[in-house]
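Have the model open as you read.

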Amino acid sequence: MTKIDLHDYVASVQDYPEPGVTFRDISPLMGDGKAYKEAINQIVDFAEHLDVDLIAGPESRGFIVGSPLAYSMGIGFVPARKVGKLPRKAVSASYTLEYGGVNTLEIHEDAIKPGQRVLIVDDLLATGGTINATRQIIEELGGVVAGVAFIIELEDLHGREKIMEAGEVPFLALMEY
């Protein structure tokens, strides 16, 4: 069986969301069952050796990667939501957006138990702010970040380096641009 080249399922949109930016759209990948399954299976292969208890994904595209991953592994999924979206007491962390401004994520305070090993996943790694905010919350709740995984890494934005500055963790990016 021929391995699927996931690059064939990424649309590049020039000058979006602002001039000079090339947006990497994974909608075609998600829209193709075989490509989507291949991407999730590659992350499962990575995660199986990390002794993971939970998957965490930031709103909203982290849900697209994290939910099927958690389901495939038979473990729970923890959403890191935008501020004000969770109905119960939550722990929060803020980060700077790559196009300016500040955003805040929250996780329910009882979503992660001390010592639980959590894999953070998202569709795309840009500057690392979203992942580091998610990591900060997980660690504040007593969880252990077992690794991070992405469908796409934008290497020129140095997000990987920023993640590793907070402490080395296993890292996977299925594609680099």
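Where does Asp-51 lie? Asp-51 is in the loop between α2 (33-47) and β3, with helices (H or I, at least four residues) and strands (E, at least two) taken as DSSP runs numbered from the N terminus. Keep in mind that this is a predicted model, where local features need pLDDT of at least 70, side-chain atom pairs count only at pLDDT 80 or more, and totals for chains, interfaces and linings use all residues. Residues are numbered from 1 along each chain as its sequence is written, and side-chain values use heavy atoms, leaving out hydrogens and water.

**Positive phi**
- Asp-51 isn't a glycine, yet its phi is positive, near 55 degrees.
- Asp-51 is also exposed, at 57% relative accessible area (buried is under 20%, exposed over 50%, partly exposed in between, with a 1.4 Å probe and protein chains only).
- Asp-15, another non-glycine, has a positive phi of about 55 degrees and sits in the loop between β1 and β2.

**Cis peptide bonds**
- Tyr-16 and Pro-17 are joined by a cis bond with omega about 5 degrees, and Pro-17 is in the loop between β1 (11-14) and β2 (22-25).
- Glu-59 to Ser-60 is cis too, with omega near -10 degrees; Ser-60 falls in the loop between β3 (54-58) and α3 (61-73).

**Aromatic pairs**
- There are 3 aromatic pairs (ring centres of Phe, Tyr or Trp, using Trp's six-membered ring, within 6.5 Å; planes under 30 degrees apart are stacked, over 60 edge-to-face, the rest tilted).
- One of them is Tyr-16 with Phe-23, edge-to-face at 5.4 Å centre to centre and 90 degrees between the planes.
- Phe-63 and Phe-77 also pair edge-to-face, at 5.8 Å and 80 degrees.
- Phe-63 is in helix α3 and Phe-77 in strand β4 (residues 76-82), so this pair ties together parts 14 residues apart in sequence.
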